[in-house]
Amino acid sequence: MLSGYQTESELIQNMVDAGCEENMVVSVLNCLKQGQKKKGLLLLQEQRKMLLDGIHRNQSCIEFLDDILCGMRKKDI
């Protein structure tokens with residue numbers, strides 16, 4: 001077990017499911033195998049930040065679209 005609660009294959013699958021690319025998975029596994037847990041955690045935190053930034057960008061786009069839709073609906077009244 002690399003993370004204290006998962007087998008290596010479970011950890012790999014979880015990282016893939018979380019959107020990690022192959023190079024990220026390999027890097028995190030190497031860190032854990034070398035006893036560099038903090039470095040592996042930092043890599044995963046960077047992945048999380050990247051995903052969250054994408055959510056924020058998408059939320060902003062949704063807000064702009066909502067404004068456009070609202071404006072277009074008001075003109076139809």
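User: Let's start with Met72. Is that residue buried or exposed?
Analyst: Met72 is exposed, at a relative accessible area of 52%. Here exposed means over 50%, buried means under 20%, and partly exposed is in between, with a 1.4 Å probe and protein chains only. One caution: this is a predicted model, where local features need pLDDT of at least 70, side-chain atom pairs count only at pLDDT 80 or more, and totals for chains, interfaces and linings use all residues. Residues are numbered from 1 along each chain as its sequence is written, and side-chain values use heavy atoms, with hydrogens and water left out.

User: OK. Where is the place of Met72?
Analyst: Met72 belongs to helix α3, residues 37-76. Helices are DSSP runs (H or I, at least four residues), as strands are (E, at least two), numbered from the N terminus.

User: And which residues make the nonpolar surface patch?
Analyst: Leu65, Ile68 and Met72 form it, covering about 310 Å². Patch members have over 30% relative accessible area and no salt bridge; nonpolar side chains (Val, Leu, Ile, Met, Phe, Trp, Tyr) are joined within 5 Å, like charges within 9 Å. The areas come from the Shrake-Rupley method with a 1.4 Å probe, and for residues only the protein chains shown count as cover.

User: Zooming out, how many helices and strands are there?
Analyst: Three helices and zero strands, so to speak α-α-α along the sequence.

User: What does the C-alpha trace span?
Analyst: About 65 × 20 × 20 Å along the principal axes. The radius of gyration is 20 Å, whereas a compact globule of 77 residues would have one near 11 Å. That radius is taken over C-alpha atoms, and the globule rule is 2.2 Å times the number of residues to the power 0.38. Buried residues make up 18% of the 77.

User: Which residues are in the largest nonpolar core?
Analyst: There are 10 residues: Leu11, Met15, Cys20, Met24, Val25, Val28, Leu29, Cys31, Leu32 and Leu43. Helices α1 (8-17) and α2 (22-33) each supply at least two residues of this core, and α2 gives the most, with six. A core is a set of buried Ala, Val, Leu, Ile, Met, Phe, Trp, Tyr and Cys residues joined through side-chain atoms within 4.5 Å.

User: What does Cys20 touch?
Analyst: Leaving out residues up to four places away in sequence, Cys20 touches Met15, Val25, Leu44 and Gln47. A contact is heavy atoms within 4.5 Å.

User: Switching to charges: how many salt bridges does a search of the whole structure find?
Analyst: Two. The term means a side-chain nitrogen of Lys or Arg within 4 Å of a carboxyl oxygen of Asp or Glu. Glu8 and Lys33 meet at 3.5 Å, N to O. This pair links distant parts of the chain, with Glu8 in helix α1 and Lys33 in helix α2, 25 residues apart. Glu8 is partly exposed, at 33%.

User: And where do Asp53 and Lys49 lie?
Analyst: Both lie in helix α3, four residues apart, about one turn of the helix. Asp53 counts as partly exposed at 29%, while Lys49 is exposed at 51%.
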